[in-house]
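Please look over the sequence and the model shown here before reading the notes below.

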Amino acid sequence: MQVFFNLFLFFAVTFHRQTRLIYTKHAALMTAEEYNKAVDTYADNLYRFVVKNLKNEAMASDVVQDTFEKLWIKLENVSGLKVKTYLFTSAYHTMIDYIRKEKRYSDADLLTLNEGHETDNYSDLAEILERAVQNLPQDQRAVVMLRDYEGYSYREIADITKLSETQVKVYIYRARVYLKNYIGSMEQVI
């Protein structure tokens with residue numbers, strides 16, 4: 001009988017003429033196979049999200065690797081149904097930790113990296129938009145990336161960033177106003 005319930009993630013229970021869908025404890029446990037599937041499914045999206053925020057491919061790779069390592073350690077505590085949210089939340093917080101750590105050690109190095117981008121010539125709107133996104137404050141950049149590039153809802157972004165849903169909307173609004181003004185001012189130059 002135990003094997004029978006292990007095969008099903010959900011079962012229906014009828015109580016006082018109401019049917020409810022209940023999931024077993026086994027549904028919440030993630031298997032190694034589901035972990036591998038999560039790596040295949042979400043690694044590219046995570047990397048793209050992190051690299052656009054950090055502007056450093058090596059550091060972005062480290063963040064993604066650390067994120068999947070954290071998932072592996074908590075494999076039995078993470079639901080296969082919520083793995084995407086867990087990964088992006090973990091990546092976001094790991095990325096913030098990396099930014100803080102880097103800021104303590106090398107403010108001068110970051111300024112040198114940004115100066116190299118100042119002299120780039122703009123050849124199309126995509127480059128101008130990329131430059132504008134990179135100029136956004138970290139919180140605004142992260143929420144815009146999650147919303148516009150990854151397609152998360154305001155509620156999901158709030159859960160990932162631990163901000164209120166209202167604050168997420170404010171950050172996205174401010175970021176979009178900045179982007180609109182930046183692109184408009186660049187069109188004047190071009």
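The report covers a glutamine, a helix pair and an arginine.

## Basis of the model

This is a predicted model, in which local features need pLDDT of at least 70 and side-chain atom pairs count only at pLDDT 80 or more, while totals for chains, interfaces and linings use all residues. Residues are numbered from 1 along each chain as its sequence is written, and side-chain values use heavy atoms, with hydrogens and water left out.

## Glutamine 138

Glutamine 138 belongs to helix 8, residues 138–149, where helices are DSSP runs of H or I with at least four residues, numbered from the N terminus. With a relative accessible area of 18%, glutamine 138 is buried (under 20%, whereas exposed is over 50% and partly exposed lies in between, with a 1.4 Å probe and protein chains only).

Leaving aside residues up to four places away in sequence, glutamine 138 touches Asn53, Met95, Ile96 and Ile99, contact meaning heavy atoms within 4.5 Å.

## Helix 8 and helix 9

Helix 8 packs with helix 9, residues 154–161, at an angle of about 140 degrees, their axes being 10 Å apart; the axes are lines fitted to C-alpha atoms over the stretch in contact, and angles run from 0 to 180 degrees between N-to-C directions. On the helix 8 side Val143, Leu146 and Arg147 meet Tyr154, Ile157, Ile160 and Thr161 of helix 9.

## Arginine 174

Arginine 174, in helix 10 (residues 165–189), is partly exposed, with a relative accessible area of 47%.

Key. Helices (H or I, at least four residues) and strands (E, at least two) are DSSP runs, numbered from the N terminus.
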